[in-house]
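Welcome, and thanks for taking a look at this one with me. Below are some numbered notes to read alongside the picture.

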Amino acid sequence: MIPTSSKKRQRVPYHTSAMRNSSAESSQKIRRSTSATSFSEASAASAAAAVVPRCSTSFNESSTADVILRLYIDIDAPYTVNSTAGDDVQIYLHSNVLRRSKYFAALLSDRWLNPNPATNNAFDTDNEHKILRLNFGVSSNKPNSIADHLAVLQLLYTDDFSSVINSVSVALDLLPVALELLFEDCVKACVKFIEAVPWTEEEETRVIEVIPLLREEESKELLSRFSPNENCGEDMLHGLILSAIHNHPNMAFVKAFVAKLLRDFASRDSARRVLERAFEESLKVVKESLEEYSSPDFRGDHNETEAIQRLNLHTAMTNGRHLLWLVERMIELRVADSAVKEWSEQAAFTADLQRAFRDDAWRNIVPGLPAVIMRCTCKLANAVAAGTTLAARQVRMKLVKDWLPVLIVCKDNVSPLLPSHKSLYLELEDTFLRIISTLPMSDSQELLQQCLSFSTKNVEDCPHLVTAFNTWFRRATRPARVDG
């Protein structure tokens, strides 16, 4: 969460010594300056070229100036860069313009311009015109701090900020200085520009760092780009998943893109919750469609009933494909625990599937439905058998117990058996047998007897079944271990 104050607060500039009551402390910032490197006329002219004047006086105009400001790197400040010739400059300014900055307005008030006689006078009394000489120490850990201060001081002379504040990086460079000098017009211009344009990742980091320095009303629009609530990211992911599997015409490409977003998402727990939510929604639609198909209402017209039955099958098929994609994503992210448990608790659903697949009506409507449903089962069962998803003993047993009859019905009633379907069913047979080998002897004994339909004319063609029974009998004949 980005910290920001909930109340309006006065900005406190870095140079707090000039605002304090102590004359001794104030004299460190406001004092006579006997020598300083003059800010070159060429540099001033170049920098001022982009600034539209707001008054008759100009920035760094020595003939009319009544304030001479020396900018220098404060060597006592922390994280100060190495000083160079450009780190100590002298510029000619005008008090009436400087008062646009609340910092300078306070500094130039009578309270500060009539210091204790025992301290240094801020005015140069030898000059025909009273000229105030100020020293302004700059603290920064970046090399262009002096340049940023000069740019903000130039903006005091104009109402047209757009010619200078023309990029996010410039606005972010000038904003801390404008805050330091309490130059409200410049602060507003910087914030307005930053709020209106895109940011790079680096710029976004800098925006986050500067937000705590702003008042609540100033930072409101900037903060709105960031997460407004804890579930914002999850809601967005869920919406993208629904769009990918339901609405978008280029479904394959969009699914691949959303899959990448899920893989790259920072919070694995959030991705888990989003996928579980979508999984439950799709599973519910498939179950309701198969339930209505398996138990139709024949009170209406025959043609109407047949149309409804076709619609139920197509709905089950479409959402079954969505379900398969969701299962693949959950296994890929290793967050399929809840899906496996949910899939193992579908006694009513598997009963509806058995009734539906024993009927011949579906063959000419959705011939690929059994394969889609069994691929979901195979993916989840493989994740359990491989240890990718760790399931409790009861979950493993129920997964095989409920779905083994569906597999048997598919093998016996789906003909002709396509090569792709044959390999799918063989893979699922092998996976179920491996899961059975993880169960207690009594449970595995009951389930193995139901697997006899896996056998073939040639015993050599079902090595997985042979291995499963040999393993069970080997364990059954092994002498019991007696402790002690």
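1. Which residue forms a salt bridge with arginine 215? The partner is glutamate 184, and the closest N and O atoms of the two are 3.4 Å apart. A salt bridge here is a side-chain nitrogen of Lys or Arg within 4 Å of a carboxyl oxygen of Asp or Glu. Arginine 215 sits in the loop between helix H9 (201-210) and helix H10 (216-223), while glutamate 184 belongs to helix H8 (residues 184-196), so the pair ties together parts that are 31 residues apart in sequence. Helices are DSSP runs (H or I, at least four residues), numbered from the N terminus.

2. A word on what you are looking at: this is a predicted model, in which local features need pLDDT of at least 70 and side-chain atom pairs count only at pLDDT 80 or more, whereas totals for chains, interfaces and linings use all residues. Residues are numbered from 1 along each chain as its sequence is written, and side-chain values use heavy atoms, leaving out hydrogens and water.

3. Are the two partners from the first point buried or exposed? Arginine 215 counts as buried at 15% relative accessibility, and glutamate 184 counts as buried at 11%. The cut-offs are under 20% relative accessible area for buried, over 50% for exposed, and partly exposed in between (1.4 Å probe, protein chains only).

4. The whole structure holds 20 salt bridges. One of them joins aspartate 352 to arginine 355, with the closest N and O atoms 2.2 Å apart. These two are three residues apart in helix H16 (residues 347-358), which means that about one helical turn separates them. Aspartate 352 is buried, at 8% relative accessible area, but arginine 355 is partly exposed, at 42%. Elsewhere, salt bridges that share partners link Arg263, Glu328, Arg329, Glu332 and Lys379 into one network. Within it, glutamate 328 pairs with arginine 329, their closest N and O atoms being 3.9 Å apart; glutamate 328 is partly exposed at 26%, and arginine 329 is buried at 13%.

5. Which residues of H12 are buried? They are Val254, Lys255, Val258, Ala259 and Leu262. These residues cover an arc of only 140° around the axis, so they lie on the same side of H12; the arc is that of the directions from the helix axis to the C-beta atoms. The face turned away from that buried side carries the exposed residues Phe253 and Phe257. Among what covers the buried residues are helix H11 (232-247), helix H13 (268-294) and helix H14 (302-332).

6. Threonine 431, in helix H19 (residues 419-436), is buried at 1% relative accessible area. A polar atom of its side chain lies 2.8 Å from the backbone oxygen of glutamate 427. Apart from neighbours within four places in sequence, threonine 431 is in contact (heavy atoms within 4.5 Å) with Ala381, Asn382 and Ala385.

7. Finally, the cysteines. How many disulfides are there? The count is zero, where a disulfide would be a pair of cysteine sulfur atoms within 2.5 Å. Cysteine 376 is buried at 0% relative accessibility, and cysteine 451 is buried with a relative accessible area of 0%.

Definitions and conventions: Polar contact = N/O pair within 3.5 Å; in protein donor to acceptor, adjacent residues only side chain to side chain.
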